[in-house]
Amino acid sequence: MSGVILQYLKEHAATGAMHDSDERFPPPLCHPGTREAVMYRVLDWYGYQMQPGKPIMWVYAPAGYGKTAVAGTVAEKLEERLIELDFNLLGATFFFWRTSPDRNSPARFIITLTYQVFVSIPELAPHIENAIKRDPMILSKVLEVQLMKLIIGPFKALGDTKHMPNRLIIIDGLDECINSDQESRVQKKYAEDRERVQIDVLNLIHTITSHSFPLSFLILSRPEAWIKLHMESRKFKDLVEFVNLYEVGDSMNDVEKFVREELSRLAVDDEDLVKLLVTRAGGHMLYASTVIRHIDDPYCNPRNRLQSLLTNSSSSNHDLTHSTPFSSLYELYRQILQSCPEENSKTMLEVLGELLCQLDFHSDLSLDEAVTILDRLSGRDLGSGMRALRGLHSVIHLDNARVGTRPKDLFVHSSFAEFLQKPHFSLNFTICPGKALKQLISACLDCMSSITLYSKAPDKRHVRYAVVNWSWLWQDWCDQIMPAISDSHQPRAIPPEWLGMCQRLLSIDLVACFVLAFTPGRKITSQSYFPPGIAGNGPEHFLITYLGDDIYHSEPLARQAVLHVATAFTAAILHVLKPAPLYGGGWSETFADAVLCYLDTVLNVWGTYRLDWSHDAVVLALKTLLHGSPADFVSLRKTIVDWVHERNRLSKEQALNKFFDYICSDNNARYSSSGSFYHPPNPDYLTIFLLFLATIFFGNYTVTGTIETL
């Protein structure tokens, strides 16, 4: 049975956040012979035979100083002692990463730790198993409850734990925990949200340490003001060992050792260049490693390339080079970009902007395939995008790269993406996310404008990308072009380009586009769901999420665009649910999510009050599917439930099953608006048939979700 429980935990854990996961391979590690002082400091603090005086060590440093490499090397050193000690010193690890949906939120934090301690601390396994048996829905509950039931409870069940060896739990990149789940982004501002969730994670750790279990925590992050303030608070101060990574050891010597070994490998034996590079790096390992990657090009002479890079850098703007601690790195980035052929510069910036702003490509796609899709979408010559990126191998993973969770993961370090968006440093290489998003949306709308319900569905990946992702791109674009206005009573000025996009949207056959998006096929992106509220008709719609209620009520074009999207979305669902199912039972995750969006927004299935579902068009279409093709209905229900599980939305499962039970009930009993059951007359199948005809033949879609309105 323990194997079943372990598999259950694995399915809901963020396994990519573990130090030895495939998602992180190859993991960043310290260069041999470097960071030895830091390793000694950490391992001297942690002791498996007895707990350290302070159960938490916080290692902090700015971006690019090797915090993640330190965390990975500590984990590796502890695991090396597994055979010698016959137990694992490493209790668990969690490496946050801001561009990974599973790793940039605390949603799976406790589950992932539980999954690992289930294995690393065998004594806990039966007690964790009992906790899950008693409450199988525990994995969908709030983090504090998960912590009490899955970690604290099992430890308490062991009784006296003083005889147990102390285990180390490593939490890297706490500042990368930004809670950027797409559903939460609609309601919350990024800055406020990230501060809150990072403090929440610290409070969870504090709760564990307050019980004096044989656990120690190594936390690594940037020294963000709110993290530092919390660590220095009365609540934490006596529990935390503070380590400034920049001040521990000799970073200059570490960088020099790395530079000498790498330049020797590249047959660059110029001592003056060695010393100049070490001086320019200033103890900054990321700077040195970026230079090495830049000159390690089989088509160029490494010595000449290094000399050119360092010589050009010496004539740079003095103010830029010294205005921030990272300006030398930013100056290096500018030199790398300037070294690329001038004729490719425009295309290079276009592709970089697209990679910065577009949504998730599927992990099966190579970078070459992903950029080819963007080439087709943007009307560029095929192959021109990759040719423009060829000179950026020092800052982008180009060789045998797979796109991974997000294209942003292709950047060797997040500081390059930050640099591109800082005009004061990137100068003529600046990328404006709002402009890049607008260009992508415009390209998507151009692509969608030729799609009709009766034209042959184009078997092209860039078309599928457009119909699936345009809505998310639109939402992100609105966030970029609508700055927050502190005075909520001040009217917002609507950018003319937004109104122009709305006008273009009204001219597109969105029913056909949504139907194509619902069609099963090879996954082009990992995005298989829609923005919240897409099926609704009101100011909460994704088209105007960041614009405010006043825009919806004051601008007729905004209301027309929202109605156009909402009614087309419903009409597309009905089209797919026709008595002769469009896909023969092969339902896609995208269609499953579309149905869930409708159930949430229009039918309020997960709300605190019940609407009258009796005459709803989608409800009647589902009943018709059940009566006409039971096997297809069962297949659709399974696809939807599986999709809820995959997105870790287990809290919705009970209400979802109740909804399907209502659809399947022999006596057609249903909830009334008062919450009581009553029995409606048999569905009017003639009306349903007319509804389908309406969705097919009416050019101006007016489906509202209820037959009465037709």
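The largest nonpolar core of this predicted model has 148 residues, and those with the most contacts inside it are Leu352, Trp470, Trp474, Phe514 and Phe518. Here a nonpolar core is a set of buried Ala, Val, Leu, Ile, Met, Phe, Trp, Tyr and Cys residues joined through side-chain atoms within 4.5 Å, and buried means under 20% relative accessible area, with exposed over 50% and partly exposed in between (1.4 Å probe, protein chains only). Not counting residues up to four places away in sequence, Trp474 touches Ile441, Leu445, Trp498, Met501, Cys502, Leu505, Phe542 and Leu543, a contact being heavy atoms within 4.5 Å. In soluble globular proteins, nonpolar side chains tend to be buried together.

Residues are numbered from 1 along each chain as its sequence is written. Local features need pLDDT of at least 70 and side-chain atom pairs count only at pLDDT 80 or more, while totals for chains, interfaces and linings use all residues; side-chain values use heavy atoms, with hydrogens and water left out.

Over the whole chain of 710 residues, 56% count as buried. There are 33 helices and seven strands, taken as DSSP runs (H or I, at least four residues, for helices; E, at least two, for strands) and numbered from the N terminus. Of the contacts with a separation of 6 or more, 75% come from residues 24 or more positions apart.

Turning to the strands, S1 (residues 56-60) has five of its five residues buried. Ile56, Trp58 and Tyr60 lie on one side of S1 and Met57 and Val59 on the other, so that both faces are covered. Two strands pair if DSSP finds at least two bridges between them. S1 pairs with S4 (residues 215-221) in the parallel sense over five bridges, and Val59 stands opposite Leu220. S1 also runs parallel to S5 (residues 240-244), again over five bridges, with Val240 as the bridge partner of Ile56. Strand S2 (residues 90-95) is largely enclosed by the rest of the structure, because six of its six residues are buried. Five bridges link S2 to the parallel strand S3 (residues 167-172), where Leu168 stands opposite Leu90.

Two helix pairs deserve a look. The axes of H18 (residues 345-357) and H23 (residues 433-448) come within 9 Å and cross at roughly 90 degrees; axes are lines fitted to C-alpha atoms, for helices over the stretch in contact, and angles run from 0 to 180 degrees between N-to-C directions. H18 and H23 are therefore roughly perpendicular, the class for 65 to 115 degrees (under 35 is roughly parallel, over 145 roughly antiparallel, the rest oblique). Their contact involves Gly353, Glu354 and Cys357 of H18 and Pro433, Ala436, Leu437 and Leu440 of H23. In the second pair, H19 (residues 367-378) and H24 (residues 461-481) pack at about 80 degrees with axes 8 Å apart, which makes H19 roughly perpendicular to H24. Glu369, Ile373, Arg376 and Leu377 of H19 meet Arg461, His462, Tyr465 and Ala466 of H24.

Some backbone details complete the picture. The peptide bond from Phe25 to Pro26 is cis, with omega near -5 degrees. Asp86, a residue other than glycine, has a positive phi near 65 degrees and counts as exposed at 69% relative accessibility. Leu427 likewise has a positive phi, of about 50 degrees, and is partly exposed with a relative accessible area of 40%.
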